[in-house]
Amino acid sequence: MKIRCIPVTAILMYAFGMSPIFAADNPVMRLASLEWAPYVGSRLHQEGLTAGIVKVAARQIGMDAKISYSPWSRTVYAGLNDPNYAGYFPAFYLKEREKTCYFSGVLGHSVVGFAHLKERPFQWTKLNDLRGIKIGIVQDYANGEEFDAMVKQRVLDTDAAPSDVSNLRKLLAHRVDVIVIDKYVLHQLLASEPSLQADKNRIEYYPHELAKFSMHICFQRNERGLAIQKAFNLALNKIDTQKLEDSYFQQLDAAQK
């Protein structure tokens, strides 16, 4: 698909009544993120599917997207508060987050569900079925408003880990009964994470999904963040992100067969 380049200077000047906010001709859009394959990662091709979409859209407005990696809690803090950053991603859309940042358009989707050990059968249809089960979650990840509310109220028994890999290791060690994980993150980790290879065939993804989230950049809630968001979204609207996402995951699934 041929994408028309949108001059970022014109958009930014329009957004702020002709007052320039960038000194450079090709400004850097620095974003905070985490290692979260296949969506984003420093060692992935084009830094991952979602990062690739971000970079394509940024180029269309004359900006160079640079990504810095850290654990999720630090990523969110830096993306929202550090003036060296424009924002952070990939952020799930949550209504309460609208108070803290300006969301980009949709970069793709994350389907979240449960993984368990094949030798420990598991099934669920409603959230109350999860009572009495020890559930591994990743610290500060959103897993659906109703699920998160039950966690906060301590209706569900959860154990937080710093990463999906840590959660999978806890699952294999029988320290938790199930874990919450993105469907394609699980596929990627079972295909590529060395520490999981010996036992990967013991792990199974349960098909009933917990939540499906749209993914976005969370731009800082200030004048500069709003200007970048507006310019970025104009470019993103001209990219068939669903086609890129479908193609990427089809290749990922084919590689694992």
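**Salt bridges at a glance**

Lys55 is buried, with a relative accessible area of 17% (buried means under 20%, exposed over 50%, and partly exposed in between, using a 1.4 Å probe and protein chains only). Welcome to a predicted model, in which local features need pLDDT of at least 70, side-chain atom pairs count only at pLDDT 80 or more, and totals for chains, interfaces and linings use all residues. Residues are numbered from 1 along each chain as its sequence is written, and side-chain values use heavy atoms, leaving out hydrogens and water. The structure holds 10 salt bridges, each being a side-chain nitrogen of Lys or Arg within 4 Å of a carboxyl oxygen of Asp or Glu.

**A buried pair**
- Lys55 forms a salt bridge with Glu47, with their closest N and O atoms 3.0 Å apart.
- Glu47 is buried too, at 18% relative accessible area.

**A link between distant parts**
- Glu119 and Arg202 form a salt bridge, their closest N and O atoms being 2.6 Å apart.
- This pair links distant parts of the chain, 83 residues apart: Glu119 is in the loop between β5 (108–117) and β6 (134–138), and Arg202 in the loop between α6 (183–192) and β9 (203–205). Helices (H or I, at least four residues) and strands (E, at least two) are DSSP runs, numbered from the N terminus.
- Glu119 is partly exposed at 43%, and Arg202 is partly exposed at 24%.

**A strand and a helix**
- Asp159 and Lys170 meet through their side chains in a salt bridge (2.2 Å, N to O).
- Asp159 lies in strand β7 (residues 157–161) and Lys170 in helix α5 (residues 164–172), so the pair ties together parts that are 11 residues apart in sequence.
- Asp159 is partly exposed at 25%, whereas Lys170 is buried at 6%.
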